[in-house]
Amino acid sequence: MAAHTHASHADHAHGGGHHGSYLERKGGLLTTIWDWATTVDHKKIGVMYLFAILFMFFLGGVAALAVRLELFEPVRVLADGKITGQFFGPADATNINAGNNIYNRLFTLHGAIMVFMVIVPSVPASLGNFFLPIMIGAKDVAFPRLNLLSWYVYVLGSIFAVCSIILGGVDTGWTFYTPYSTTTDADHIKVVFMVLSAFILGFSSILTGLNFVVTIHKLRAPGMGWFDMPLFCWAVYSSAIIQVLATPVIGITLLLLAFERIFRIGIFDPALGGDPVLYQHFFWFYSHPVVYVMILPGMGIISEVLAVHAHKQIFGYRAIAFSSLGIAAVSFIVWGHHMFTSMSELASAVFSALTFLVAIPTAVKMFNWIVTLYKSSISINAPMLYVLAFLFLFAIGGLTGLPLGTLSTDLHLHDSYFVVAHFHYVMMGGTIMALMAGMHHWWPKMFGKAYNEKAAMLGCVIVFIGFNITFMTQFFLGTQGMPRRYASYIDEFHTLHQWSTIGSGIILIGFLIHLFVFLASLAVGRKAEQNPWGGLTLEWTIPSPPIEHNFEHEPIVKHGPYDFDSVLPPTWDPADYPVPNPSAGGRPAVAHSPEPKD
Amino acid sequence: MSHSPAANSPEVFDEVDPHGQHHYGQHESHVIVGPFMLRSVLAVLLLFTVLTVGFAQAEIAIQNWFGYELPWWVNVVGAMSIATIKSILVMAIFMQLRYDNPINTVAMLFCFFALGLFLLFTGLDLFTRGTIYDFKAGQVVKGGTGQGVATANGVPIADAARDRFKQLIATPEVKEHLIVTNAVRAAAEDAAVHGQPAAAAALNAMADRMMDLHAVKVHTPEAGQQNRTAAEISRMADAMRSAGNAAGADTLAAAAKSIKGLNLAEAGASYSVEAEFARLAAFAHGGEHHHAPIVSTANESRARSGLSGALTTESGRGTHAPAAGH
Amino acid sequence: MSTLSSSSGKSFWQRYVHASHFRSAAEEFDAVKLGFWLFLTTEVLLFGGIFCAYFIFRTLYPDAWREGSHLLDWRLGGLNTAVLLISSYTMAMSIYCVQKGYFTRAKWNLFITLLCGAAFIFIKIAYEYIPKWSVGKRPGALFDYPFAEHAQLPLWWSVYYCGTSIHAAHVLIGMVLIARVLYRTHKGYYGPTHYTMVEVTGLYWHLVDLIWIFLFPLLYLIH
């Protein structure tokens, strides 16, 4: 790395002068709303994204609870024609399908909302938007107006989805597989609405990803080389590349699907010479890489939070950075493992072999995190608890991926609850746990308010317990043969399904606790310190909440993001610093000392 | 108005040195590509367009004149190579990738690589769909081949379209139209035999217009075609007379008279929908296959391609559909 | 940067100040170009879906594809190729002219580009879409052409219409962008030191050309 010491440039004439908090109100209520609605500040857009995503998370969560409630009892038609065990459906139902159709709509709703509107944008668009520019020492993302546009596009896409729900909902499953998606409700516009919603959300995703790639390439602060970036930036960068390269394919896929519904062009219709499995190829060429868009930024948060709360230099920085890129690269050649039961044998075998490649970079990350924890000085608090929950749950989720990637075992587990449990362990146990870790870690920075640590830890423990009760049972259900997407089941599965539903209620309690913790923090929380956790990355060198242009002067980076052994975190008193520097025999040097690092 | 970027922007961004303090590895952002270069590239691009068309035409010519069919990949590889060269030229010069930050080229290469993976692995599945491995031959029943026949309600769409058209040409109005058309064509041949090229050309052009699919199918003919056509030929005769070609005009007038005197009922007795259909198909292919070997009749070619309604399976996935072999 | 001083007598491009989060106008220009190239990759992959469908079905149904290709007129396709190539040239020329400050020439070049775009759309609709659609050369279930020799011909028309209509939509979007650039050039927004949007619009237009360079042989010539 080249020399890191040189004078900072003076701000541009019109760049200075904004030294107030970005949350400062500019006037009355209407002025404030207008200010937020037209802002190009990445922090405000990140906050708007966060709340929009949390709202959609609430909607998707309600659908999930409804699905679990329906499955609390199996649906039975009694000898007298009465239907029992149907939670949703007409009261005096004589037709079992009326209620089951509602169930189909509920799980589609849950899947589509959670995937397209929550997990894909969750970390990058909210926390990434807020912290990526700050972490690399930039004033804003490269294209601030595009950033705002992407939020509006996101809202527009969500509105389309909500319209589709209001019109009666869609029962195709979140994957819109043909021929379900081309034949159900054939004369109704709502499926087209849902498909267009996902199409529009793709644009939002592309804009965000494109913005991040350019930001990281062009706007790093002086001294911030590629390998001086926090690992969160590497993770967001990798996922942004996937977003840019994979999302357009879902665009054309959904467009063709809309044409198929409107004009019956036949590309996916075997009756017209097309091939429905071709749709699956199109769909998974996007949707498999996007699985890594969902998890990579979460992994970045884990690297960040884990190093800070363990107060230790992260082990294998470059290995973790490159494993992010590795996952991004491999993600494009493994999509076929979603289609083992519909593809040719040769293609299935090839995809099965390639799928195992994903395990390598993922395991690299996992082992590096665990080695970082080894003999470190761990602070137990809500973010760290969520990190530990992530490590535990993601390990299970990852390892159960192996039998699904193995051709011969997958043929048995395909479309069973084993798959459902697996992807909930990686998506919810991975991404959502990481999002929660990141939200707690950065909450004081984002809003300048501390939250109640004990209550947050309680919430975390409850979510963790509830999660395992809900989804561990589903592994057993799956191996015993419970297929996914059924409103009813045989009596043997009754107990496990009931436990799973109880678990989902426990998760609800946990998230309600978090909701109250966050609301209380916003309402009555004490003012947060600038650097509550002792982080070394750039966001901890600025006030909480940050000022409008992030930095008073362009920062100059002189130490790595995780040099906890040699640098004292900004604003920390050496006397309070938990880790004495073993090599120097005394306290670590003060951050931002005039000496260059290395 | 000469612009010196170095004077206006001392800091050109560099990956290793974000503030441009050392000015190493500095690249020029504001490259100006001059008109000569642009014109040369345009000339080359147009030349390659001619080349790629000529290449495809040459292949057809070889096929038609020497009866030798080149392997299928010659055409594909030739056309795609030329397209690739053209696109590289457009990207390198018009889009200035050659002078740009290399990262833009890298982005584009990644994109083409991803596209290649997409095609490769999708093809890997679709093209091996019907494969059965010998060691399993006893256990597996062959399923779909990945090849379907376009059907609607059990009838192949192409067949349905053909049947609808045959019904159309059996209707009295279209029948009259086609009988009159054939009479015009016969008159044209007659005129050619009697050494009246101008009259023959005029009648042929008229017959062409009447045989066009637009005239038959889109603007469905109305009754009274016989008289209208005769009247039009008379007008053509008058025009030719005033242009000074009296012999040609006489031929045309005779043709008009013979068409006016045509006994529709008599001609209709020998009218055959199948023969008419074949004639129209041959005409359509002759008129539209600008670079294709002329197909003798539609029925023959249908027989050649093995297509008929009986070949569709219930699932719409015809296992007897034309083989994909190259 | 002396040109950045705000004097009212100067054109917009002379007064242009780059966005404050960039360190220099050159860096902003570079960033915008990188961003736009990334956007172009998304466009290529969007058409990738069409190319994939073409590739798969061409290999599965070579005879139907050959028949379909013969039903297209290479002269119209070739003419449209030439029109687009010329428009690409005039677009590149307009960037050169703006860079040099020859604003009248720049506007003429942009105008010709716009005309070429309109000509492309006109040829496409008046000589290809309307005559073909009306005689029944239509996609999928709408197919009504009586002389099909192969049962999968409707699928060929599906791929043809999807590919060319999405491309034509891009031509229309490009024309809107060019019209905007033309207007703003007229108003003095762009000049030798600031022409980012001209350049970016040019990139978009060239991509439209690029896609057609592949669509033309695939649809009209390969048989």
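Across all chains of this predicted model, 75 aromatic pairs are found. Rings of Phe, Tyr and Trp (its six-membered ring) pair if their centres lie within 6.5 Å; planes under 30 degrees apart are stacked, those over 60 are edge-to-face, and the rest are tilted. One tilted pair is formed by A:W234 and A:F322, at 6.2 Å centre to centre and 55° between the planes. This pair links distant parts of chain A. A:W234 is in helix α7 (residues 231-263), A:F322 is in helix α9 (residues 317-330), and the two are 88 residues apart. Helices (H or I, at least four residues) and strands (E, at least two) are DSSP runs, numbered from the N terminus. A:W234 counts as buried because its relative accessibility is 4%. A:F322, at 43%, counts as partly exposed. Buried means under 20% relative accessible area, exposed means over 50%, and partly exposed lies in between (1.4 Å probe, protein chains only).

A:Y451 and A:W533 form another aromatic pair. Their ring centres are 6.5 Å apart and their planes stand at 45°, so this pair is tilted. A:Y451 lies in the loop between α15 (417-447) and α16 (453-479) of chain A. A:W533 lies in the loop between α17 (494-524) and β3 (567-568) of chain A, so the pair ties together parts that are 82 residues apart in sequence. Both A:Y451 and A:W533 are buried.

Rings also meet charges. The charged end of A:R220 sits over the ring of A:W226, 4.6 Å from the ring centre. In chain B, the charged end of B:K166 sits over the ring of B:F277, 4.9 Å from its centre. A charge sits over a ring if NZ of Lys or CZ of Arg is within 6 Å of the ring centre and within 35 degrees of the ring normal.

Helix α17 of chain A also holds A:S504. A:S504 counts as buried because its relative accessibility is 9%. A polar atom of the A:S504 side chain lies 2.6 Å from the backbone oxygen of A:T501. Leaving aside neighbours within four places in sequence, A:S504 is in contact (heavy atoms within 4.5 Å) with A:L65, A:R68 and A:T470.

Side chains of opposite charge can pair when their charged atoms come close. Over all chains, 26 salt bridges are found. A salt bridge is a side-chain nitrogen of Lys or Arg within 4 Å of a carboxyl oxygen of Asp or Glu. A:D80 and A:K82 form one of them, at 4.0 Å from N to O. A:D80 is exposed, with a relative accessible area of 56%. A:K82 also counts as exposed, at 54% relative accessibility.

In chain B, B:D208 and B:R185 meet in a salt bridge at 2.9 Å, N to O. This pair links distant parts of the chain: B:D208 is in helix α7 (residues 197-211), B:R185 is in helix α6 (residues 172-193), and they are 23 residues apart. B:D208 counts as partly exposed, at 32% relative accessibility. Another salt bridge joins B:R209 and B:E232, at 3.6 Å from N to O. B:R209 lies in helix α7 of chain B and B:E232 in helix α9 (residues 225-242) of chain B, so this pair ties together parts that are 23 residues apart in sequence. B:R209 is partly exposed, with a relative accessible area of 48%. B:E232 is partly exposed as well, at 29%. Salt bridges that share partners also join A:D275, B:D125 and B:R129 into one network.

Chains B and C meet as follows. In chain C, 86 residues are in contact with 96 residues of chain B. The area buried between these chains is about 8100 Å², of which carbon and sulfur atoms give 69%. Buried area is the accessible area (1.4 Å probe) that two parts lose on being put together, summed over both. In chain C, C:W37, C:F147 and C:E149 lose the most area to chain B, together 10% of what that side buries. Three salt bridges are counted between chain C and chain B. C:D144 forms a salt bridge with B:K217, with the closest N and O atoms 3.4 Å apart. On the side of chain C that touches chain B, α2 (25-60), α3 (62-70), α4 (74-100), α5 (103-134) and α7 (196-221) each supply at least two residues. α2(C) gives the most, with 21 residues.

Residues are numbered from 1 along each chain as its sequence is written, and chains are lettered from A and ligands numbered from 1 in the order in which they are written. In this predicted model, local features need pLDDT of at least 70, side-chain atom pairs count only at pLDDT 80 or more, and totals for chains, interfaces and linings use all residues, while side-chain values use heavy atoms, with hydrogens and water left out.

Terms used
Polar contact = N/O pair within 3.5 Å; in protein donor to acceptor, adjacent residues only side chain to side chain.
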